[in-house]
Amino acid sequence: MKTLRVELGDNSYPIIVGTDLLNRVGELLTPHTKSNKALIVSDAFVQGRYMPIVQQSLEDAGLDVCTIEVPTGEESKSLVQFSRVQDSLVDHQLDRGSMVVALGGGVIGDLAGFTAAVYMRGIPYVQIPTTLQAQVDASVGGKTAINHPKGKNLIGAFHQPKLVLIDVQTLETLPQRDIRAGLIEVIKMGVIRDEPLFEMVEENLDAILNVDSAILSQMIAAACINKAEIVAKDEKESGLRMVLNYGHTFGHALEAVTHYNRYRHGEAVSIGLNCAAQLATNLGMLSETDFQRQRTLLKRARLPITFPPDITPEAMCEAMYLDKKTLGGKLRLILPTRIGEVVIRDDIDDIDVLEAISQCF
Ligand SMILES: NC(=O)c1ccc[n+]([C@@H]2O[C@H](COP(=O)([O-])OP(=O)(O)OC[C@H]3O[C@@H](n4cnc5c(N)ncnc54)[C@H](O)[C@@H]3O)[C@@H](O)[C@H]2O)c1
Ligand SMILES: [Zn+2]
């Protein structure tokens with residue numbers, strides 16, 4: 001078991017990474033909260049598989065526990081499910097001395113976190129992420145949100161958890177496709193600022209895909225340390241934190257163009273990473289060797305690197321300019337200069353963006 005820390009002054013919190021942690025949730029959590037009542041939020045799959053053990057552990061630690069289940073999938077980041085969770089908090093009379101436990105993937109973390117952020121102007125919550133995506137990315141950093149019919153994550157708040165508890169053994173039940181899609185955020189982090197982490201993924205790819213818990217613990221902890229350092233320097237995304245969007249301007253646009261129902265987020269971002277690196281190579285910022293190194297790893301991880309033939313580069317460009325990360329009409333892009341370093345650029349010509357996209361078909 002490894003304990004890391006997100007340093008945010010009064011809002012600082014630990015991230016615990018290890019195995020066999022779910023049955024110790026109560027014991028591990030009590031030093032970090034004074035709560036005596038908890039609402040566990042999870043989705044239909046997680047509820048059946050992991051809720052009982054977490055509930056038992058919290059009850060053994062003396063907490064009064066209630067639970068709520070929402071349907072699986074992105075649709076649960078809705079006003080309807082938000083309202084249901086709020087109703088449950090009211091019905092069970094939770095107050096500022098209570099807490100919300102987000103047990104599940106990024107959808108649950110975002111929904112439960114946002115609910116905790118606004119209920120009684122904010123009550124404590126803890127994250128127990130059960131997908132690789134949520135363990136290496138969504139659960140750390142305090143960004144919470146639900147979707148609006150007109151856009152993803154449009155209704156949200158920054159609200160830091162009291163604790164993030166990552167039991168890597170939960171990944172044993174996660175489908176391979178979700179393991180690979182979650183891995184993209186680790187590869188992304190490697191390219192942004194941690195060449196040794198990138199190399200670690202290159203060297204241990206088979207073990208990672210085989211859900212080797214020792215390797216996964218090491219990799220997830222390394223990814224979380226990076227995220228924690230970035231968040232500590234820029235909690236509210238006014239500058240540095242934007243580097244986490246590497247590959248995402250392209251990825252978000254592809255998700256939108258394909259109506260959020262074809263790709264996992266990580267798969268769309270994988271194509272985005274390849275496209276951003278292609279652009280950086282075209283502009284002479286990234287060596288052909290490093291471009292190929294990233295491309296090779298994505299391919300080995302069986303992640304997609306090219307756009308589907310039924311969309312056009314123009315449609316992609318249009319969607320990118322609609323993305324909320326656009327600044328004053330110019331795209332803000334995170335471009336790699338080597339494996340382990342990126343720069344933020346908002347002066348790239350549209351024609352160069354279009355050219356790079358066209359090359360990735
Ligand atoms: N807040 C942030 O900073 C942040 C960052 C990145 C992504 N996100 C959000 O995260 C969400 C995506 O997260 P996700 O990929 O975890 O999706 P998800 O929460 O929908 O989980 C994916 C699927 O995996 C299932 N699942 C969860 N744990 C499992 C397990 N251990 N074994 C088997 N199945 C399991 C779920 O039931 C679900 O069907 C998006 O809504 C995205 O916007 C948030
Ligand atoms: Zn992402």
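Glu229 is partly exposed in this predicted model, with a relative accessible area of 37%, where buried denotes a value under 20%, exposed a value over 50% and partly exposed anything in between, computed with a 1.4 Å probe on protein chains only. Its side chain forms a salt bridge with Arg193, the closest N and O atoms being 3.0 Å apart; a salt bridge is here a side-chain nitrogen of Lys or Arg within 4 Å of a carboxyl oxygen of Asp or Glu. The pair links distant parts of the chain, since Glu229 belongs to helix H8 (residues 213-233) and Arg193 to helix H6, 36 residues apart. Arg193 also counts as partly exposed, at 27% relative accessibility. Helices (H or I, at least four residues) and strands (E, at least two) are DSSP runs numbered from the N terminus.

The model is a predicted one, in which local features need pLDDT of at least 70 and side-chain atom pairs count only at pLDDT 80 or more, whereas totals for chains, interfaces and linings use all residues. Residues are numbered from 1 along each chain as its sequence is written, chains are lettered from A and ligands numbered from 1 in the order in which they are written, and side-chain values use heavy atoms, with hydrogens and water left out.

By the salt-bridge rule, the count comes to 17. Among them, Arg177 and Glu267 meet through their side chains at 2.7 Å, N to O. Arg177 lies in helix H6 and Glu267 in helix H10, so the pair ties together parts that are 90 residues apart in sequence.

The zinc ion (ligand 2) is coordinated by Glu185 (OE), His248 (NE2) and His265 (NE2), at 2.0 to 2.1 Å, where donors are N, O and S atoms within 2.8 Å of the metal (3.2 Å for Na, K and Ca), and sites may look incomplete because water is not among the atoms. Along the chain, the donors follow the spacing E-x62-H-x16-H. Glu185 lies in helix H6 (residues 176-193) and His265 in helix H10, so this pair ties together parts that are 80 residues apart in sequence. Glu185 is buried, with a relative accessible area of 3%, whereas His265 counts as partly exposed at 25%.

The protein is divided into domain 1 (2-174) and domain 2 (177-210 + 212-359), with bounds that come from an automatic or database domain assignment. The C-alpha centres of the two domains lie 26 Å apart. Across the boundary, 26 residues of domain 1 are in contact with 27 residues of domain 2, contact meaning heavy atoms within 4.5 Å. The area buried between the domains is about 2,300 Å², of which carbon and sulfur atoms give 71%; this buried area is the accessible area (1.4 Å probe) that two parts lose on being put together, summed over both. Leu132, Val136 and Phe158 supply 24% of the area that domain 1 buries against domain 2, more than any other three residues.

Two salt bridges are counted between domain 1 and domain 2. Elsewhere in the list of charged pairs, Lys143 forms a salt bridge with Glu237, with the closest N and O atoms 2.7 Å apart. The elements that give two or more residues to the side of domain 1 that touches domain 2 are strand S1 (2-6), strand S2 (13-18), helix H5 (132-138) and strand S8 (151-158). Of these, H5 gives the most, with five residues.

Two loop residues other than glycine have positive phi values. His259, with phi of about 60°, is found in the loop between helix H9 (248-257) and helix H10 (265-282), and is exposed, with a relative accessible area of 61%. Arg302, with phi near 55°, lies in the loop between helix H11 (288-300) and helix H12 (313-322), and counts as exposed at 55% relative accessibility.
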